[in-house]
Amino acid sequence: MADLPDVDLSRLGVTEYGSFSVEVIDPVSDYLELMENVFDFELIRSLLSRSDFRFIFDAMHAVAGAYAKPIFVDRLGADLRSIANGVPLEDFGHGHPDPNLTYAKDLVDIMYGKNAPDLGAASDGDGDRNMILGRSFFVTPSDSVAIIAANAQDAIPYFRNGPKGLARSMPTSGALDRVAEKLSLPFFEVPTGWKFFGNLMDAGKLSICGEESFGTGSDHIREKDGIWAVLAWLSIIAYQNKDKKVGEKLISVSDVAKEHWATYGRNFFSRYDYEECKSEGANHMVEYLRELVSKSKSGQNYGSYTLQFADDFTYTDPIDGSVASKQGIRFVFTDGSRIIFRLSGTGSSGATVRIYVEQFEPNDSKHDVDAQTALKPLIDMALSISKLKEFTGREKPTVIT
């Protein structure tokens with residue numbers, strides 16, 4: 001083994017080394033072939049080749065950059081200038097390849113600036129997560145998976161017979177639940193962690209799923225897939241505009257989202273991350289919340305909200321029967337609003353406290369309110385209930401999404 005020569009990774013094919021062989025493959029071409037079997041590439045090409053539609057994809061100097069030009073430019077006809085930070089770099093260009101409103105600031109500034117493109121997207125370090133933006137419009141991951149699911153059968157050939165089922169992680173908003181109910185599809189609420197989706201996919205019970213942490217995917221592979229999500233959104237926009245002539249006003253990302261809210265109602269949603277908290281204080285806060293849950297009763301009033309139930313989420317896998325407990329502390333109110341607390345990374349570098357806040361609004365006349373404004377009473381209540389400042393000493397979150 002010590003005398004094994006270097007493998008030429010630039011040359012595709014099989015090379016024999018004594019009793020074993022090494023095959024070098026082109027993952028981009030394999031993935032592209034798969035995507036061509038999932039999506040209507042000619043439909044997407046018809047959108048990207050329009051003179052009145054502009055698209056930008058920020059690869060954040062990560063692995064998706066290797067896929068971006070062959071797929072979006074070479075195959076689908078997007079302008080080469082639509083790929084930003086497309087060269088993968090070991091240090092990600094000194095950036096943080098996390099597609100959210102904080103770390104993808106350059107893309108956010110472009111999409112909220114003058115003469116913004118029609119659709120903006122980003123992917124993360126290993127290409128499995130994504131962020132979708134319209135002109136001055138952020139699509140939350142919770143809304144994104146719900147909108148993809150609602151439009152999949154019409155816009156994406158892979159789902160021409162309809163999805164088998166839908167699923168979301170427990171902290172993700174209930175927007176997907178409402179799509180499953182309207183389309184009469186099986187629905188699953190699972191703990192955070194893609195393996196729970198994988199079991200359902202393997203059993204043929206799940207087609208489309210997502211997490212609020214910017215992960216969206218389907219059963220085309222057994223993992224979340226950032227480029228797949230971008231192609232799904234391009235497919236939806238292309239389908240909505242397939243009969244539009246140049247000069248006619250195009251249906252935009254925000255139009256699609258607002259039409260979805262008008263049909264299903266809007267789930268206002270936000271996540272507050274408090275990174276690198278002292279582990280001792282964070283653990284004490286969780287212990288305090290679990291004690292509060294144990295004493296809670298249905299019908300209790302929390303300000304103007306009435307408690308339906310409070311618990312520490314437990315999931316029994318319907319496929320293998322395994323049980324996952326202590327997956328997040330939930331306060332669920334009778335109007336569908338929720339406050340969820342989760343703790344992660346309690347090692348020497350500190351803990352991350354995550355607070356998820358959600359409020360359902362069925363009245364479409366109230367859908368244009370800023371999410372932080374709509375959620376402020378619940379956010380204030382979450383901070384009060386948890387005594388977060390008292391336990392952690394933290395005044396402000398590190399990241400808000």
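Are Tyr 302 and Phe 333 buried or exposed? In this predicted model, Tyr 302 is buried, as is Phe 333.

An open sheet is built from four strands in the order β9-β8-β10-β11, and its pairing is mixed. Strands β9 (187-190) and β11 (215-218) form the edges, each of them pairing on one side only. Between neighbouring strands of this sheet the average turn is 15°, with direction ignored. Strand β8, which spans residues 166-169, runs parallel to β9 and is joined to β9 by four bridges. Within this part of the sheet, Leu 166 is placed opposite Phe 187 of β9. Helix α5, made up of residues 141-155, lies across β8, β10 (208-211) and β11. The direction of helix α5 is at about 170° to that of β10.

Across the whole structure, a search returns 15 aromatic pairs. One of them is formed by Tyr 302 and Phe 333, whose ring centres are 5.8 Å apart. The planes of these two rings stand at 65°, over the 60 degrees required, and the pair is therefore edge-to-face. Tyr 302 is located in strand β13 (residues 301-302) and Phe 333 in strand β17 (residues 329-333). The pair thus links distant parts of the chain, the two residues being 31 residues apart.

A further edge-to-face pair consists of Phe 331 and Phe 341, with 6.2 Å from centre to centre and 90° between the planes. Because Phe 331 lies in strand β17 and Phe 341 in strand β18 (residues 338-347), this pair ties together parts that are 10 residues apart in sequence. Phe 331 has a relative accessibility of 0% and so counts as buried. Phe 341 also counts as buried, because its relative accessibility is 3%, and the limit for this class is under 20%. Tyr 302, Phe 333, Phe 331 and Phe 341 are among the members of one aromatic cluster, which also includes Tyr 305.

Charged side chains are also found over aromatic rings. Arg 178 lies over the face of Phe 360, at a distance of 3.4 Å from the ring centre. In the case of Lys 242, the charged end sits over the ring of Tyr 239, and the distance to the centre of that ring is 4.2 Å.

Terms used
Residues numbered from 1 in each chain as written. Predicted model: local features only at pLDDT ≥ 70, side-chain atom pairs only at ≥ 80, totals over all residues. Heavy atoms only, no water. Pairing = 2+ DSSP bridges. Axes fitted to C-alpha atoms, helices over the stretch in contact; angles between N-to-C directions. Contact = heavy atoms within 4.5 Å. Phe/Tyr/Trp six-rings, centres within 6.5 Å; stacked < 30°, edge-to-face > 60°. Buried < 20%, exposed > 50% of the residue type's maximum accessible area, 1.4 Å probe, protein only. Lys NZ or Arg CZ within 6 Å of the ring centre and 35° of its normal.
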